[in-house]
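I opened this model to look up how one chain is built and how it meets its partner. My entries follow in the order in which I checked things.

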Amino acid sequence: MSADFWFGVEVFLNGLMAGVMYSLVALGFVLIFKASGIFNYAQGVMALFAAQTLVGLQTGLIPFSHLINAIFGTEFHHFGQAAPDWWIETYSRGLSVLLPESISLSIAGFLGFYGPTILAIIFAALVMLFFAILVEKLVLKHLVNQEPIILFMATIGLAFFMEGFGELMWGSDVKTLDIGIEQGGNVWFEEKTSFLGGEDFYGFYLDTLDIYATFIAVALVLALVLFSQYTKTGRALRAVADDHQAALSVGISLRTIWVIVWTIAGFVALVAGMMWGAKSGVQFSLSLIALKALPVLMLGGFTSIPGAIIGGLIIGVGEKMFEFLIGAPYLGGATENWFAYMLALLFLVFRPQGLFGEKIIERV
Amino acid sequence: MLDAAPTDESLLEISNIEVIYNHVILVLKGVSLSVPKGGITALLGGNGAGKTTTLKAISNLLHSERGEVTKGSISYRGEKIADLMPADLVKKGVIQVMEGRHCFEHLTIEENLMTGSYTRRDGRGAVAADLEMVYNYFPRLRERRKSQAGYTSGGEQQMCAIGRALMSRPETVLLDEPSMGLAPQLVEEIFGIVKDLNEKEGVSFLLAEQNTNVALRFAHYGYILESGRVVMDGPAAELRENPDVKEFYLGMSEEGRKSYRNVRSYRRRKRWLG
């Protein structure tokens, strides 16, 4: 096999991993659309808000510090250093009573390094839960049985509100999010695969963060599928997606289901925001990843979780391979920006329900 | 075994309710009725008479269709239920089987049935026992348990909808138009099962039905609705013999069959409440 072939494989793998990231964003849309028929315009902003909250909590930013400073003329910024060294030492000493020193040290080291991140993730998830409850109480509850377009407009309003609220709370500066996963090419993977090609081939260049993101996304999707297929609440979610009225009639409370769905969508947004934020910084443009999810949804169908995943993979691989095979050599490159939308357009013309859109069951 | 006949104890009391949709459309103009424990009560009438609205007013599904009860009261076991959520009512033992089946199309039959047990808190064992009970009443559902409900026949979907309601261990089932779109044989089968459930499981039914003939054969008591009012009520056996019911709803009259045109003009002259 020539180096060119293996280079193509590398592009393919990178496409798959980019696709997983797209799927992650698209998933949030599908969940809410299925359960409430709402196209949630705020999904991208939710990811941004979740990422901002995560950074804020992780680095100990004081919420609304800009506002407080502006009003009272104070100079607040941070609560203090995250995870000081004495904390790690105390922790390892405590653990060493129970465990051999080498193990306790490494656990404490792990917690010292990842502890703030893990705590921040847990708290950010709680914030998303709280947010879901607020959305239900303040917005959705009052719009039961309105036209889809009205609900859609409500989510546009929600998006603008969250955008402003997030910046008011955490500041509008570009933040870096370090979740303890290194970026850049994975050296181990590169060395292990360098034997495949000839002398010109140095092994696959895969971003470590992308690899982790792939595993996390796959785990998240598996968890979601298991949840919706095998739990009572999951079954209720699918029931609501099928028929609101009938779900009401058997005693399923729509309001509870909406809170659950928005919470899950919030968690998905948190994971997406975390991965994209770690990759390219937490800033306003993060909310635009929602735009990348649109072609994925058109491809995969708005109502299918597997569709969102496979749609994401097809878009990811498609745009990378197109750029590699046709775009760069013949079209002058930079095709990645529009390829997904062209593909989505073709799908809209020839298969509007998407690849896996729920078939409308019609008995004859 | 419970006694087949309805008891004197009244479960559901509706007195003089008025329902308005969208703040302007007056659908029920003072409907009163009572559902005794252990009985099958039929609510009869043509299209647009207000049968479905009455049932939805009871189960509180009206809110989601922008309808509201503006006058009168509805009480279950002496307790006002107008402000409860549908879910609370299901917990109290009142569940509605909606017109047109409304199965969850993409769920399997068994999953559909299991959604009926959503509000229950009495453990998996009890739910599994009830699932078995439902399968015994509707053996066809057992055969189709793994099929998506959307791909089953109309009769199976109706059975699924009734079975789903039974999974909530109801005391009273509000059954809306179970005969809709089904072959006469199937209608008989389903009503037979309803009768069985009433006699053996002691479930009380309030049955809205256009098929007057079948409904009056299986029910104990009947109310006839026309344009949002109860125009007549009585034990089913008496209603069956009433000449007006015979003429208007059973298509029989003293003079034998009449042409449709004559019936219409006769009807214009003779109004129910004069």
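What share of the contacts in chain B with a separation of 6 or more comes from residues 24 or more positions apart? I found that such residues account for 73% of them, where two residues are in contact if their C-beta atoms, placed from the backbone, lie within 7 Å.

I noted that this is a predicted model, in which local features need pLDDT of at least 70 and side-chain atom pairs count only at pLDDT 80 or more, while totals for chains, interfaces and linings use all residues. Residues are numbered from 1 along each chain as its sequence is written, and chains are lettered from A and ligands numbered from 1 in the order in which they are written.

Next I looked up the secondary structure of chain B, which comes to 11 helices and 10 strands (DSSP runs numbered from the N terminus, helices being H or I of at least four residues and strands E of at least two). I also noted that the C-alpha atoms of chain B fill a box of roughly 60 × 40 × 35 Å along the principal axes.

I then turned to the contact between the chains, which takes 19 residues from chain A and 27 residues from chain B. On the side of chain A that touches chain B, α9 (232-242) and α10 (244-249) of chain A each supply at least two residues, and α9(A) gives the most, with 6 residues.

Last, I checked the domains of chain B, given as domain 1 (10-105 + 168-241) and domain 2 (244-274), with bounds from an automatic or database domain assignment. Here 7 residues of domain 1 are in contact with 5 residues of domain 2.
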